[in-house]
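User: I would like to go through this protein step by step. Please keep the terms clear as we go.

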Amino acid sequence: MSLLAVASALAGCATTSGPVAPVAPVAAVAPTPPEAPRPQARSYIVSDNAMGDVDAALERARASGKRVLLVMGANWCSDSRTLAGWLETERFAALIERKYELVFVNIGMPRTGDGHNLAIARRFGLPELPGLPNVLVLTADGTLVNPTTATSWRNAESRSGDAIYEELAMLADRGV
């Protein structure tokens with residue numbers, strides 16, 4: 001079939017009988033750029049002595065004048081892995097180096113009855129952990145700096161790196 005025949009056939013498909021309604025212009029919509037991948041890390045090891053790991057972090061904090069960043073989560077949880085991934089990035093590592101002694105504690109699956117190390121949260125005034133991860137910022141003497149937000153990290157995967165950084169930077173200097 002020649003190009004002229006194809007053009008004629010297409011023109012025939014486009015014809016209508018009667019008046020043609022005006023077509024509203026279509027607004028150009030910019031494509032949504034793909035979201036940058038979230039960092040992931042599996043930092044929640046099962047420790048034989050998680051309470052001792054926390055005590056060691058508190059001891060380091062007393063010696064260094066820093067706070068303890070106690071992250072309670074599990075490797076099966078995408079929010080926990082994302083938060084751990086952010087903490088491993090260069091930007092967060094610099095903040096942690098300046099302000100925190102970091103310790104990860106594996107808490108298993110508390111909601112299914114397979115929770116681990118839950119006594120650590122109770123030790124710092126949190127009777128239960130409704131989800132994970134949980135972020136406890138502690139002074140060197142073990143005072144919980146963020147009792148109202150420690151268990152609010154269940155959406156860590158959907159938080160921006162900037163929002164997480166800003167909160168941790170603020171908690172590093174917040175009075176008790």
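Analyst: Contact means heavy atoms within 4.5 Å. Helices (H or I, at least four residues) and strands (E, at least two) are DSSP runs, numbered from the N terminus. Axes are lines fitted to C-alpha atoms, for helices over the stretch in contact, and angles run from 0 to 180 degrees between N-to-C directions. This is a predicted model, in which local features need pLDDT of at least 70 and side-chain atom pairs count only at pLDDT 80 or more, while totals for chains, interfaces and linings use all residues. Residues are numbered from 1 along each chain as its sequence is written, and side-chain values use heavy atoms, with hydrogens and water left out.

User: How many helices and strands does the protein chain have, and what pattern do they follow along the sequence?

Analyst: The protein chain has 6 helices and 5 strands. Read along the sequence, their pattern is α-α-β-α-α-β-β-β-α-β-α.

User: What is the strand order in the open sheet of 3 strands?

Analyst: Two strands pair if DSSP finds at least two bridges between them. The edge strands, E2 (100–106) and E5 (134–138), each pair on one side only. The pairing in the sheet is mixed, and the order is E2-E1-E5.

User: How many bridges join E1 to E2?

Analyst: Strands of a sheet pair through backbone hydrogen bonds, either parallel or antiparallel. Strand E1 covers residues 67–73 and runs parallel to E2. The number of bridges joining E1 to E2 is 7.

User: Which helix lies across E1, E2 and E5?

Analyst: Helix H4 (residues 90–99) packs on the sheet and touches E1 and E2, its direction making about 110° with that of E2. The helix lying across E1, E2 and E5 covers residues 161–173 and runs at about 135° to E1. That helix is H6.

User: Is H3 roughly parallel or roughly perpendicular to H4?

Analyst: Helix H3 (residues 78–88) and H4 pack at an angle of about 75°, with their axes 5 Å apart. Angles under 35 degrees count as roughly parallel, over 145 as roughly antiparallel, 65 to 115 as roughly perpendicular and the rest as oblique. Therefore H3 is, relative to H4, roughly perpendicular.

User: Is Tyr100 buried or exposed?

Analyst: Tyr100 lies in strand E2, and among the residues that it touches are Val68, Leu95, Val137 and Leu171. Buried means under 20% relative accessible area, exposed over 50%, partly exposed in between (1.4 Å probe, protein chains only). Because its relative accessible area is 2%, Tyr100 is buried.

User: Which residue has its backbone oxygen 2.6 Å from a polar atom of the Tyr100 side chain?

Analyst: A polar contact is a pair of N or O atoms within 3.5 Å; within protein, one must be able to donate a hydrogen and the other to accept it, and residues adjacent in sequence count only if both atoms are side-chain atoms. At 2.6 Å from the side chain of Tyr100, the backbone oxygen belongs to Leu168.

User: Which side chain makes a polar contact with the side chain of Glu101?

Analyst: Glu101 is found in strand E2 and counts as buried, at 12% relative accessibility. Its contacts, leaving aside neighbours within four places in sequence, include Ala57, Ala61 and Ser64. The side-chain polar contact of Glu101 is 3.0 Å, and the partner is Arg60.
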